[in-house]
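These are my notebook entries on what I looked up in the structure shown below.

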Amino acid sequence: MKGDRHPKPDVEAALRRAEKAGLKVKHDQNGHRWGYVICCPCTASTKVWSTPSSPGTEGRKIDEFTRKHLNCA
């Protein structure tokens with residue numbers, strides 16, 4: 001759905017990479033938080049902000065979380 005897309009292209013691309021890697025992306029707007037990226041096997045999660053001060057840094061944070069949780073299970 002269009003409402004589930006992140007407004008920043010760098011962050012949206014990182015979210016799609018996380019989904020492709022098998023992580024769950026949950027859009028749950030609450031204040032400045034856009035949602036979460038969740039690793040289902042270990043239940044770890046990271047917040048995704050709606051208006052990050054640096055979209056590139058936010059995207060790299062999501063990519064780092066994705067890399068750390070590729071081999072959970």
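I began just after α1, where G22 takes a positive phi of about 100°. The model is predicted: local features need pLDDT of at least 70 and side-chain atom pairs count only at pLDDT 80 or more, while totals for chains, interfaces and linings use all residues. Residues are numbered from 1 along each chain as its sequence is written, and side-chain values use heavy atoms, leaving out hydrogens and water.

I took helices (H or I, at least four residues) and strands (E, at least two) as DSSP runs, numbered from the N terminus. I then looked up burial in α1, residues 9-20, and found V11, E12, A14, L15 and A18 buried. Buried means under 20% relative accessible area, exposed over 50% and partly exposed in between, with a 1.4 Å probe and protein chains only. Seen down the axis of α1, the buried residues fall within an arc of 160° (taken from the directions from the helix axis to the C-beta atoms), so they line one face of the helix. The face turned away from the buried side carries the exposed residues P9 and K20. I noted that the buried residues of α1 pack against β1, β2, β3 and α2, contact being heavy atoms within 4.5 Å.

Next I traced the open sheet, whose three strands run in the order β1-β2-β3 with antiparallel pairing; two strands pair if DSSP finds at least two bridges between them. The edge strands are β1 (24-30) and β3 (45-49). β1 pairs with β2 (residues 33-38) over five bridges, and N30 stands opposite R33 in β2.

Finally, I looked up R67 in helix α2, which counts as exposed because its relative accessibility is 56%.

Definitions and conventions
Expected span 1.5 Å × (residues − 1).
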